[in-house]
Amino acid sequence: MDSFEQIYTLYFKDVYRYTLSLCHNTEAAEEITQETFFQAMKHMPSFRGGCKMTVWLCQIAKHLYFAEYKKQKRRQGTAEAGDFTGGQTVGRAAAQVPEGTGTSATLEQRLCEEADAMKIHEFLHGLCEPYKEVFMLRVFAELPFKKIACIFGKTENWARVTYYRAKLKIICAMEESNG
């Protein structure tokens with residue numbers, strides 16, 4: 001196995017971008033990313049190679065993010081828990097997703113509107129895997145389909161289809177809640 005320094009160098013950027021896609025706060029993302037690599041270093045002997053290193057590291061980051069989010073929520077109360085995300089609803093990625101179908105473009109545009117963004121995030125967190133993960137990697141982490149496919153060990157076409165289905169699920173949920 002590679003030395004830990006090589007692992008850190010190879011995967012830091014991916015883990016940071018993924019963490020930033022979760023919390024939308026650069027300081028929090030840096031802290032969580034650092035803690036991710038600290039935890040990974042501590043638990044490296046338990047890594048069996050059943051998945052790609054990036055997937056394992058992102059899972060650690062995701063668990064750390066949600067643990068921190070729950071702590072913040074308990075400390076500040078439900079109404080102020082959004083402060084952990086730095087008060088931002090989404091990164092610049094949502095506004096820059098190229099227009100495809102009319103509904104997909106509106107979804108990304110709606111992510112930029114604060115009221116809709118909260119609803120969309122709620123629906124997104126309710127999605128089952130891999131839809132939630134693929135959608136977040138594409139929209140918030142701005143990863144190309146090829147890289148998403150690589151993370152999951154699937155084809156680029158699989159990543160595209162999964163992303164499209166995730167968007168449809170969110171759009172349908174939005175329409176149901178509005179209608």
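Begin with the cysteines: this predicted model holds 0 disulfides. Select Cys58, which counts as buried because its relative accessibility is 6%, under the 20% cut-off. Then select Cys150, which at 45% relative accessibility counts as partly exposed.

Next, select residues 26–43, which form helix H2. The 18 residues of H2 should span 26 Å at 1.5 Å a residue, and the end C-alpha atoms of the helix lie 25 Å apart, which agrees with that expectation. Within H2, colour the buried residues, which are Ala28, Ala29, Ile32, Thr33, Thr36, Phe37, Gln39 and Ala40. If you look down the axis of H2, these buried residues fall within an arc of 165°, so they line one face of the helix. Now turn to the face of H2 that points away from its buried side, where you will find the exposed residues Glu27 and Glu31.

For the last stop, select helix H8, residues 145–152. Which residues of H8 are buried? They are Phe145, Ile148, Ala149 and Ile151. Finally, step just past the end of H8 to Gly153, whose phi is positive, at about 70°.

Definitions and conventions
Residues numbered from 1 in each chain as written. Predicted model: local features only at pLDDT ≥ 70, side-chain atom pairs only at ≥ 80, totals over all residues. Heavy atoms only, no water. Buried < 20%, exposed > 50% of the residue type's maximum accessible area, 1.4 Å probe, protein only. Helix = DSSP H or I, 4+ residues; strand = E, 2+ residues; numbered from the N terminus. Disulfide = S-S within 2.5 Å. Expected span 1.5 Å × (residues − 1). Arc of directions from axis to C-beta.
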